[in-house]
Amino acid sequence: MTALEQAILTWIHLVSAAIWVGGSLFIGIVFSPLLKTMTSSLEERMQIMIRVGRRFNKIAVPSLIILMATGLYSSHMLLGKPDLLVATSYGTFLIIKIILVIALIITYAIHVRVIRKDIEEKIMSNQMPESQIQKLRKKIIILGEITVVLSVAILFFASLLDAGV
């Protein structure tokens, strides 16, 4: 791969990371707390978050897929030589990053399962009791926090790999 091709691949990877991690951080740190000041109704807040989540997922999911594809492509040489994965610090950090990515995918899959389409429809049509919405909200917050922590940890390991540590 030429230097220009590597630069383009890295740029695509970084833009995708900015969308996934930046969007997740924005929703968790800025939008969600701001939403509490917009309406006191838990049901309304959940309805707004569902709409925001749907919209965000339209760009976030493709970004996550691109992130994984470009990451795998960038590390395919090392992945093809399993002995290097355990014999070098680069390989060790790559294994840790891959494990974190798998944990992120599992967390995201659980999140999607928790707030599946039928649940969304009940919330959007005001057919879910507030006590049930409150329990659901707690689960979503925990899953969102785990997603953000895993995403930031993955970025840290990406920086270690980029630095050649």
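Is W20 buried or exposed? W20 is buried, because its relative accessible area is 3%. In this talk, buried means under 20% relative accessible area, exposed means over 50%, and partly exposed covers the range in between, with a 1.4 Å probe and protein chains only.

Let me state the basis of these values. The model is predicted, so local features need pLDDT of at least 70 and side-chain atom pairs count only at pLDDT 80 or more, while totals for chains, interfaces and linings use all residues. Residues are numbered from 1 along each chain as its sequence is written, and side-chain values use heavy atoms, with hydrogens and water left out.

On confidence, pLDDT is the predictor's confidence in each residue, from 0 to 100. The chain has a mean pLDDT of 92, and 100% of its residues reach 70 or more. Helix α3, residues 76-79, has the lowest confidence, with a mean of 75, whereas α2 has the highest, at 94. Helices here are DSSP runs of H or I with at least four residues, strands are runs of E with at least two, and both are numbered from the N terminus.

I turn now to the surroundings of W20. This residue is found in helix α1. Leaving aside residues up to four places away in sequence, W20 touches F56, A60, L64, L67, L104, Y108, T147 and S151; contact means heavy atoms within 4.5 Å.

Next, the aromatic pairs. Rings of Phe, Tyr and Trp (its six-membered ring) pair if their centres lie within 6.5 Å; planes under 30 degrees apart count as stacked, over 60 as edge-to-face and the rest as tilted. The structure holds 3 such pairs. For W20 and Y108, the ring centres are 5.7 Å apart and the planes are at 70°, so this pair is edge-to-face. It links distant parts of the chain, since W20 lies in helix α1 and Y108 in helix α5, 88 residues apart. Both W20 and Y108 are buried.

For F93 and F157, the ring centres are 5.8 Å apart and the planes are at 55°, so this pair is tilted. Here helix α5, with F93, is linked to helix α7, with F157, across 64 residues. F93 and F157 are both buried. Ring pairs join F93, F156 and F157 into a cluster.

Finally, the annotations. An unreviewed UniProt entry gives "transmembrane region" for residues 12-35, 56-74, 94-115 and 140-161; positions follow the numbering used here, feature names are shortened, and annotations may be inferred rather than shown by experiment. Residues 12-35 are 100% helix and 0% strand, with end C-alpha atoms 32 Å apart. Residues 94-115 are 95% helix and 0% strand, and their end C-alpha atoms lie 31 Å apart.
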